[in-house]
Amino acid sequence: TMDLLNKIGKGFFVEHYYDIKNNQTAADDLPENYTTNSKRSRISTARRIFREELHLEALKIVMSSNRLDQETIDKAKEIFEKETK
């Protein structure tokens, strides 16, 4: 899980969690300054996290990270609480 998460970036995963989970993300929709190929790769890897049912584990990794801003960690906690109800 950690390798997949590092490929796409923890912040990216949290920021686009619901769009990717609901298959509503296309590379052209993303505002980030990545190349189209990079966006496609990130989306594909993020979808794999969901396909392999690693999304909750990924959120736990984000929540325990000491290198992310508090806003991203809080958002991950919020998503985790919704997902585990």
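This is a predicted model: local features need pLDDT of at least 70, side-chain atom pairs count only at pLDDT 80 or more; totals for chains, interfaces and linings use all residues.
**View 1. Packing of helix α5 against helix α6.** Helix α5, spanning residues 55–63, and helix α6, spanning residues 70–83, have axes that come within 9 Å and cross at roughly 150°, and the crossing is left-handed. On the α5 side the contact is made by His55, Leu56, Leu59, Lys60, Val62 and Met63, while α6 contributes Thr72, Ile73, Ala76, Lys77, Ile79, Phe80 and Glu83. Sorted by class, the residues of this contact comprise 8 nonpolar, 2 polar and 3 charged.

**View 2. The largest nonpolar core and the surroundings of Ile8.** The largest nonpolar core contains 21 residues, and those with the most contacts inside it are Leu5, Ile8, Phe12, Phe13, Tyr17, Ile49 and Leu59. At least two residues of this core come from each of α1 (2–8), α2 (10–15), α3 (17–21), α4 (36–51), α5 and α6. When residues up to four places away in sequence are not counted, Ile8 touches Phe13, Arg42, Thr45, Ala46 and Ile49. In soluble globular proteins, nonpolar side chains tend to be buried together.

**View 3. An aromatic cluster formed by Phe13, Tyr17, Tyr18 and Phe50.** The structure holds 5 aromatic pairs, and one of them joins Phe13 and Tyr17, whose ring centres lie 5.5 Å apart with the planes at 90°, so that the pair is edge-to-face. The pair of Tyr17 and Tyr18 is likewise edge-to-face, because the centres of the rings are 5.1 Å apart and the planes stand at 85°. Phe13, at 0% relative accessibility, counts as buried, and Tyr17 is also buried, with a relative accessible area of 1%. Tyr18, by contrast, counts as partly exposed because its relative accessibility is 29%, a value between the limits of 20% and 50%.

**View 4. Positive phi values at Asn23 and Glu53.** Most residues other than glycine have a negative phi. Asn23, found in the loop between α3 and α4, has a phi near 55°, which is a positive value in a residue other than glycine. Glu53 lies in the loop between α4 and α5 and, although it is not a glycine, has a positive phi of about 55°. Asn23 has a relative accessible area of 55% and is therefore exposed, and Glu53, with a relative accessible area of 66%, is exposed as well, the threshold for this class being over 50%.

Key:
Residues are numbered from 1 along each chain as its sequence is written. Side-chain values use heavy atoms; hydrogens and water are left out. Axes are lines fitted to C-alpha atoms, for helices over the stretch in contact, and angles run from 0 to 180 degrees between N-to-C directions. Helices (H or I, at least four residues) and strands (E, at least two) are DSSP runs, numbered from the N terminus. A crossing is left-handed if the near helix is turned anticlockwise from the far one by less than a right angle, and right-handed if clockwise. Contact means heavy atoms within 4.5 Å. Ala, Val, Leu, Ile, Met, Phe, Trp, Tyr, Cys and Pro count as nonpolar, Asp, Glu, Lys and Arg as charged, and the others, Gly among them, as polar. A nonpolar core is a set of buried Ala, Val, Leu, Ile, Met, Phe, Trp, Tyr and Cys residues joined through side-chain atoms within 4.5 Å. Buried means under 20% relative accessible area, exposed over 50%, partly exposed in between (1.4 Å probe, protein chains only). Rings of Phe, Tyr and Trp (its six-membered ring) pair if their centres lie within 6.5 Å; planes under 30 degrees apart count as stacked, over 60 as edge-to-face and the rest as tilted.
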